[in-house]
Amino acid sequence: MKLHELMIRHGHSMFRWRSYIPLLFIGPLLLAFRESAHIEAMVGDAAEDVWVLFCFILSLSGLALRAFTVGFVPAGTSGRNAKQQRAEVLNTTGMYSIVRNPLYLANFIIILGVLLSIKVWWLVALASLVFFVYMERIILTEESFLLGKFGKTYSDWCEKTPVILPNFKLWKPSTMTFSMKTVLRREYPGLLGIGTAFFVTEMIQDLVYEGEAFREWIAEDYIWPITYGIIIATCLSLRHLKKNTDLLKVEGR
């Protein structure tokens, strides 16, 4: 089997099981948390709080990029499909006019914010390497599928549009209006994921590796339980609206 074909085959498997890949980082994370506790002791709580807030905002900016991308796209594309490739429409306007994979770029920004908050350089380097090797195979798989479906139209778009780093000079406005309902319906899992990642990271680091008492942690870092509680309530509300009402449904989205 040719290397290109093997990478595409691996991409199919990775696409199907991508939700479980983060489990491979449990071991490195445990080592990184221990090192992170030493770094926090050196820089102090105030500096650490400012840094984590910056990282949280960085992850939210990745979610905002996802929202800006998804809010303009029609139905049948840019979905969270987990088992197989699908695309009814080829996106070439909006974010897709300046970069071919804006959602993957957004995902990397989200992950980068979480990793940077741990403050261990080798964890960021390791995860970034794994992410790009993994995404290379996913993208090859998607490109093979889209080329077969859309042919020369897709090939011509690829010729001028960067894979992952945007070229803002190529910007073309979307042919559709922005739909906040679509964003709320489709992107709340991302918000929950960010909230969970930062809440769990902060809690494990302070309670397990720094030996802080739970009551003391709640009193000093109350902002994280409150923020996480608001995020959970918001996401549960949006899930209820999505599953049980038509309030977030938009025709053609």
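Predicted model: local features only at pLDDT ≥ 70, side-chain atom pairs only at ≥ 80, totals over all residues.
Residues are numbered from 1 along each chain as its sequence is written. Local features need pLDDT of at least 70, side-chain atom pairs count only at pLDDT 80 or more, totals for chains, interfaces and linings use all residues, and side-chain values use heavy atoms, leaving out hydrogens and water.

**Exercise 1.** Describe the secondary structure of the protein chain.

*Solution.* Start by counting: the chain has nine helices and zero strands (DSSP runs, H or I of at least four residues for helices, E of at least two for strands, numbered from the N terminus). Next, turn to burial: 40% of the 253 residues are buried (under 20% relative accessible area, 1.4 Å probe, protein chains only).

**Exercise 2.** Work out how helix H3 runs relative to helix H4.

*Solution.* First, take the axes, which are lines fitted to C-alpha atoms over the stretch in contact, with angles from 0 to 180 degrees between N-to-C directions. Those of H3 (residues 45–70) and H4 (residues 102–118) come within 8 Å and cross at roughly 170°. H3 is therefore roughly antiparallel to H4 (over 145 degrees).

Then look at who meets whom: residues of H3 including Trp51, Leu58 and Arg66 are in contact with residues of H4, among them Leu105, Ile109 and Gly113 (heavy atoms within 4.5 Å).

**Exercise 3.** Check residues 104–134 against the UniProt record.

*Solution.* Begin with the record: the unreviewed UniProt entry lists residues 51–76 and 104–134 as "transmembrane region"; such annotations may be inferred rather than shown by experiment. Now turn to the model: residues 104–134 are 94% helix and 0% strand, and their end C-alpha atoms lie 11 Å apart.

Notes. Parallel < 35°, antiparallel > 145°, perpendicular 65-115°, else oblique. Buried < 20%, exposed > 50% of the residue type's maximum accessible area, 1.4 Å probe, protein only.
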